[in-house]
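Colleague: I'd like to learn how to read a model like this one. Could you walk me through it, feature by feature?

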Amino acid sequence: VPALADDSKQSFEEVARTIRYDFLVDMARTEGCDCIATGHHADDQAETVMMRVVRGTSLKGLCGIPGVGDWDGMPIVRPLLDVSRVDIEAYMAAQGVEFREDHSNTDRKYVRNRIRHTLMPFLREHFNPQVDEALRRLSQVSKDEDALLDALSHTAFTACVKGDEIDRVAFDALHRAEQRRVLVRLAHDIGALADFDRVKGALNFITSGATGQRYDWGGGVHLSNGREVAQIVHASQEWNRSVEVSVPGHVEAFGYRWNFTF
């Protein structure tokens, strides 16, 4: 894992998680299993929500760990997500079941462990003894409201996005929360960047940008504003056309301003 992490833009924890789930899926298919059940519990949920809060997140991030998901087409279920670690350990002790503690769980070079061993105890002692439960409630409320917004934004998406065009008038009529959701979904669909700043820039460009202007959405995707629609333009499409230039001189092409000199 360390070698793979060194060659990746992802963190050690993210690379390790990918390898872990890939392994579990391979084993499940080899053994003919229908799904994978993990041991994530309520404390993990509270830590995940807090970790995303301090790093910066959206409503979807506040949902925390999903109870049901999939990995490469294999269903993943987390049946203990509402049960605390204390209750799980008490049950195991009563049943005489032994367990293993991952030695890396105490290594504070990892963000999650600093949240677990430093921040959460501090919050329990100085702010709210029930902070874990408060974060779990926040997760549940966020899941419910996120599901509602997803349903609303699906309708908004079909009303605004037509092929490689975004209807600027219809988009401008949406609530800002719907606008952001439409653009996040679109970014994932077309390979643009879905981080907060890029989506905010695209949102402002579509609603307020002048006709003829362009916006670099990242990932080789640009938006080009017409009077009524914003055109989605992929760099790979643009580079396959010719542009006449004067030397010396300048030209607007491929989403950039080009200056030519001797």
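This is a predicted model: local features need pLDDT of at least 70, side-chain atom pairs count only at pLDDT 80 or more; totals for chains, interfaces and linings use all residues.

Colleague: Let's begin with the backbone. Which residues does a cis peptide bond join here?

Modeller: The general idea comes first: most residues other than glycine have a negative phi, and most peptide bonds are trans. In this model, the bond between Val-247 and Pro-248 is cis, with omega about 0°. You'll find Pro-248 in the loop that runs between helix H11 (235-238) and strand S9 (249-253).

Colleague: And phi? Which residue has a positive phi although it is not a glycine?

Modeller: That's Asp-72, with a phi of about 55°. Look in the loop between strand S2 (68-71) and strand S3 (74-77). Those strands form a hairpin with two residues between them, and Asp-72 is in the turn. S2 and S3 pair in the antiparallel sense over four bridges, and Asp-70 stands opposite Pro-75 in S3.

Colleague: Is Asp-72 buried or exposed?

Modeller: Exposed, because its relative accessibility is 57% and the cut-off for exposed is over 50%.

Colleague: Now a helix. How do I check the length of H3?

Modeller: Count 1.5 Å a residue: the 14 residues of H3 (residues 42-55) should span 20 Å, and the end C-alpha atoms are 20 Å apart, which agrees.

Colleague: How many residues of H3 are buried?

Modeller: 10 of the 14, so H3 is largely enclosed by the rest of the structure. Among them are Ala-42, Asp-43, Val-49 and Met-50. As for what surrounds them, the buried residues of H3 pack against helix H4 (59-62), helix H5 (85-95), H6 and helix H7 (131-160).

Colleague: Can we look at one side chain in detail? Where is His-117 found?

Modeller: In helix H6, which covers residues 111-126. His-117 counts as partly exposed because its relative accessible area is 29%. Setting aside neighbours within four places in sequence, His-117 is in contact with Asn-105, Thr-106 and Arg-108. A polar atom of the His-117 side chain lies 2.8 Å from the backbone oxygen of Asn-105. For separation in sequence and in space, take His-117 and Lys-143: they are 26 residues apart in sequence and their C-alpha atoms are 26 Å apart.

Colleague: On to the sheet, then. In what order do the five strands of the open sheet come?

Modeller: The order is S4-S5-S8-S7-S6, with antiparallel pairing. S4 and strand S6 (214-218) stand at the edges with a single partner strand each, so one side of each has no neighbour in the sheet. Two bridges join S4 to S5, and Val-161 has Ile-166 in S5 as its bridge partner.

Colleague: Which helix lies across these strands?

Modeller: Helix H9 (residues 176-190), which lies across S4, S5, S6, strand S7 (221-225) and strand S8 (229-234) and runs at about 70° to S6.

Colleague: And where does Gly-163 lie?

Modeller: Gly-163 is in the loop between strand S4 (161-162) and strand S5 (165-167). At 68% relative accessibility, Gly-163 counts as exposed. The C-alpha atom of Gly-163 is 8.8 Å from that of Ile-232, although the two residues are 69 apart along the chain.

How values were computed:
Residues are numbered from 1 along each chain as its sequence is written. Side-chain values use heavy atoms; hydrogens and water are left out. Buried means under 20% relative accessible area, exposed over 50%, partly exposed in between (1.4 Å probe, protein chains only). Contact means heavy atoms within 4.5 Å. A polar contact is a pair of N or O atoms within 3.5 Å; within protein, one must be able to donate a hydrogen and the other to accept it, and residues adjacent in sequence count only if both atoms are side-chain atoms. Two strands pair if DSSP finds at least two bridges between them. The expected span of a helix is 1.5 Å times one less than its number of residues. Axes are lines fitted to C-alpha atoms, for helices over the stretch in contact, and angles run from 0 to 180 degrees between N-to-C directions.
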